[in-house]
Amino acid sequence: MTDTTAFRIADLAARREDLRIAEKRAVDRQHAKGKLTARERVELLLDQDSFVELDQFARHRCTEFGMDANRPYGDGVVTGHGTVDGRQICVFSQDFTVFGGSMGEVFGEKVLKVMDLAMTLGCPVVGINDSGGARIQEGVVSLAYYAELGRRNALASGVIPQISLIMGPCAGGAVYSPAITDFTVMVDETAHMFVTGPDVVHAVSGERVSAQRLGGAAVNSEVSGNAHHRAADEHDAIDWVQTLLGYLPSNNLDAAPEYADETDPELTAADLELDRLVPDSLNQAYDMAEVVSRLVDDGEFTEIHSAFAPNMICAFGRVRGRTVGVVANQPRHQAGVIDIDASEKAARFVRFCDAFGIPILTLADVPGYLPGEAQERHGIIRRGAKLIYAYAEATVPKVTVVIRKAYGGGYAVMGSKHLGADVNLAWPTAEIAVMGAEGAVRVLHRHELAALPPEQRTAERRRLTEAYRERHSNPYLAAERGYVDQVIAPSHTRLQVARAMDALRTKRQTLPAKKHGNIPL
Ligand code: HXC
């Protein structure tokens, strides 16, 4: 009897049993490679028992290459929704044990459906990648779905946060979806991202290169910048994403989660340490992370792209319980200079913060843009301009503190008043000038110094440098013009920044109406 309710319930149970057996097989295959299964990853990411799986019984319709004999449930991707720390997210997780996690028509339909759901709900979407790319048996249909996915990613950009976890191969055109998403996390050793793998590279150019060197987590997080975080293992990767989600709003219309303000309203010992942090010698570095940690709640912040362009820090933290994006030069690396990578890293971060209503706190100690042939040839003009564009376009609250050097283009771009910053503070150690004193004297007094007898030159250069430094290397010329609102003792920075952020809560700014701008790409 196949038309009884009891039969139908038993039939459902049997189908579920097929799923359970497939999952058991997946566990064995993935664990043998040191990887979790698609479903285990989802469960690790989401709050316990919160996962609602969609389209468990979806199956491909392909009949080519004997595919009709093998129609596993789920079609190689686990999709659904659930909560992280009680907040809704949507998720898809590619299952490498089914056709190598490759994208075919039904796989594609499932992914697009869950992305559309995320847009409808206004919640973040997390994509877990572990796939051989386009499903070869399904041909052009797979390609169509990659393009559809890219379109969804673009439409969702700036509306809901999109996060990609790379936990296995991610090759060919499949890399472009994660590249459009806001944040990409790669797992050490097991994850790879490249447009063409080592075999194709060898076939095309004769070059021999390992998968790790071509597209491992190290190269993508340190050199190319495709990955925003390099995780030690899958648990670490998921942990990082959970922390990241805690800083983000669910969508561009909602506010980020707000925590109770438990910060000290009085000066603390940690605040006072800031008065001793900047070394007396300009050429001596200090760790800007030490400043950041004293300005954000509980000293806690999460760096984005920490291994890429370390001369620029981009991080999420909280000020009085509310998320802020911190952009800061790091004098410990290349004296905090802005090179191409630093500009692009910070520009994308500023744009993310702006899209999602996250205020920006800028900490400047910057000798300027990096000079040199290599940078010019690689387009520091066009690519350095991105940061100016991003700051100028950002309408979220912008608070800037000049800590020490703010020279030349570095001054202008690092959240200056002229790019629309709302509150500009400076420490007494700030040097806001076109360039450092030595450089300025070299240009301004070149002829005069050359005319002197050599034995007098050094002393005169020193005198002129001192005179320039006294007159120009300070925050007061900028303060005279209102480019700096207040010069404050370093120890007062946390309280002043918090006040500024409080005052700016009601900020509303609109830009001229247009279809979209044309940021230099
Ligand atoms: C169908 C695939 C597949 C694919 C892997 N498999 N990739 N099936 N389409 N793209 C299947 C394998 O046949 C195998 O099936 C199983 O998945 C596991 O694969 P292995 O090769 O055994 O695994 P491994 O040795 O770990 O190698 C993983 C891999 C390799 C490096 C990803 O499978 C690979 O190179 N695959 C092809 C990658 C590729 O060229 N994809 C197209 C990219 S172009 P069995 O039955 O043996 O277990 C693209 C265009 C997108 O993606 C366009 C966007 C605009």
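Predicted model: local features only at pLDDT ≥ 70, side-chain atom pairs only at ≥ 80, totals over all residues.
Domain bounds in these legends come from an automatic or database domain assignment.

Figure 1. Residues are numbered from 1 along each chain as its sequence is written. The protein chain is divided into domain 1 (36–247), domain 2 (269–434 + 474–504) and domain 3 (437–472). The centres of domain 1 and domain 2, taken over C-alpha atoms, are 34 Å apart. Along its principal axes, the C-alpha trace spans about 105 × 60 × 45 Å. The chain has 20 helices and 17 strands; helices (H or I, at least four residues) and strands (E, at least two) are DSSP runs, numbered from the N terminus. Of the 521 residues, 44% are buried. A residue is buried if 20 or more other C-beta atoms lie within 10 Å of its own, exposed if 12 or fewer, and partly exposed in between, with C-beta atoms placed from the backbone.

**Figure 2. The contact of domain 1 with domain 2.** Domain 1 and domain 2 each bring 12 residues to the contact, where two residues are in contact if their C-beta atoms, placed from the backbone, lie within 7 Å. On the side of domain 1 that touches domain 2, α8 (217–222) and α9 (234–247) are the elements that give two or more residues. The largest share of this side is that of α9, with three residues. By class, the side has four nonpolar, five polar and three charged residues. Here Ala, Val, Leu, Ile, Met, Phe, Trp, Tyr, Cys and Pro count as nonpolar, Asp, Glu, Lys and Arg as charged, and the others, Gly among them, as polar.

**Figure 3. The largest nonpolar core.** A nonpolar core is a set of buried Ala, Val, Leu, Ile, Met, Phe, Trp, Tyr and Cys residues joined through C-beta atoms within 7 Å. The largest one has 120 residues, and those with the most contacts inside it include Val185, Val241 and Val402. Both domain 1 and domain 2 give residues to this core, so it lies between them. Not counting residues up to four places away in sequence, Val402 touches Ala364, Ala426, Trp427, Ala430, Ile432, Pro475 and Val484.

**Figure 4. Helix α11.** In α11 (residues 288–295), the residues Met288, Val291, Val292 and Leu295 are buried. Seen down the axis of α11, its buried residues fall within an arc of 100 degrees, so they line one face of the helix; the arc is that of the directions from the helix axis to the C-beta atoms. Among the elements they pack against are β11 (312–319), β14 (398–407) and α20 (493–503).

**Figure 5. The shell around the ligand.** Of the 18 residues around the ligand, Gly100, Gly132, Gly133, Gly172 and Gly173 come nearest; a residue is near a molecule if its C-beta atom, placed from the backbone, lies within 6 Å of it. Two or more residues each come from α4 (140–156) and β6 (169–171), and α4 gives the most, with three residues. The shell divides into nine nonpolar, eight polar and one charged.

**Figure 6. Two loop residues with positive phi.** Most residues other than glycine have a negative phi. Phe99, in the loop between β3 (87–94) and α3 (105–121), has a positive phi of about 50 degrees. Phe99 counts as buried, with 23 C-beta neighbours inside 10 Å. Gln334, in the loop between β12 and α12 (340–355), has a positive phi near 50 degrees. Gln334 is partly exposed, with 18 other C-beta atoms within 10 Å.
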